[in-house]
Amino acid sequence: VIALWLVLNYDRTGWLRIIKGLLVIIISACVVFMPWQIYIQSKFPAEYAIEMARNYRHITQVLDGQGGSIFYYFNKLFITVNEFIWLAFVWFCSKAIQKDTTKNRIALIVWAVIPFIFFSFIKTKMQGYLLFTYPALFIMLAGFCIFLVSENSNANRMKFQRLIFIILLFLSIRYSIERIKPMQDQSKQIAWANDFKSIDKTGADKRVYVNMKHYIEGMFYTNSIMYQYIPSQQQMDELKAKGYEVIINQNPDM
């Protein structure tokens, strides 16, 4: 996005500054992710190759049951951002056409739209894929909110804008309450957490728990490996041959 902004503003910055800026962006990005990529490729080449192949498979296959229609992200934004996000987006696009700050607005629109379109056609869909576009969406939503509370010479129009703002604010608060669930009894959640804490830690790194409901959370409480599903007999035999103890969980809350 910064690179796009630099290119769009070439008339003010000049091509030399643009090239310098792009080099800074590329080098900074490489410094962040390249050391880890080099390390895992050199230390775990087989696992690295498997994971990279799996990453590419996300494009053409639905993995881990994370599928959805082409409107998956369109619908998710109603919850993850706000139910008025698309109204704010249309307003923002209209301003991009009308105002002198079009280049800056275009950069934000491209930041949000291009990844949105790309990941909508990817077979495996997860909310986290578009997290990096949310700053652009929140900037658009913030601009829309400022517009709604701004003064207007038309009294009726100003009242309508204020009403839309109040509804928008209410929807955000309502979803926050639904996610946190402050009135819900948390004792059941505490119970399964305590169950994990009570697991004997001795030799935990050589145990594999399967049929786990909270298998991801469980690995934070123990040094054991946990899976949601029950592996085949062949897989369990292979684990045992490698020295692992396979435990089939019978506690439905864990």
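Is Cys30 buried, exposed or partly exposed? In this predicted model, Cys30 is partly exposed, its relative accessible area being 32%. Cys93 likewise falls into the partly exposed class, at 21% relative accessibility. The number of disulfides identified in the model is zero.

The largest nonpolar core comprises 31 residues. Within this core, the members that touch the most others are Leu77, Val81, Ile85, Leu137, Met140, Phe144 and Leu168. Two or more residues are contributed by each of the elements α5 (72-80), α6 (85-98), α7 (102-120), α8 (134-149) and α9 (155-180). The greatest contribution is that of α8, which supplies eight residues. When neighbours within four places in sequence are set aside, the contacts of Met140 are Ala88, Phe89, Trp91, Phe92, Leu108, Ile109 and Ala112. Another core, of eight residues, lies apart from the largest one and includes Trp192, Ala193, Ile199 and Met254. In soluble globular proteins, nonpolar side chains tend to be buried together.

Ser120 is located in helix α7. Ser120 has a relative accessible area of 6% and is therefore classed as buried, the cut-off for this class being under 20%. Beyond its neighbours within four places in sequence, Ser120 is in contact with Ile70, Tyr73 and Lys125.

Methods
Residues are numbered from 1 along each chain as its sequence is written. This is a predicted model: local features need pLDDT of at least 70, side-chain atom pairs count only at pLDDT 80 or more; totals for chains, interfaces and linings use all residues. Side-chain values use heavy atoms; hydrogens and water are left out. A nonpolar core is a set of buried Ala, Val, Leu, Ile, Met, Phe, Trp, Tyr and Cys residues joined through side-chain atoms within 4.5 Å. Buried means under 20% relative accessible area, exposed over 50%, partly exposed in between (1.4 Å probe, protein chains only). Helices (H or I, at least four residues) and strands (E, at least two) are DSSP runs, numbered from the N terminus. Contact means heavy atoms within 4.5 Å. A disulfide is a pair of cysteine sulfur atoms within 2.5 Å.
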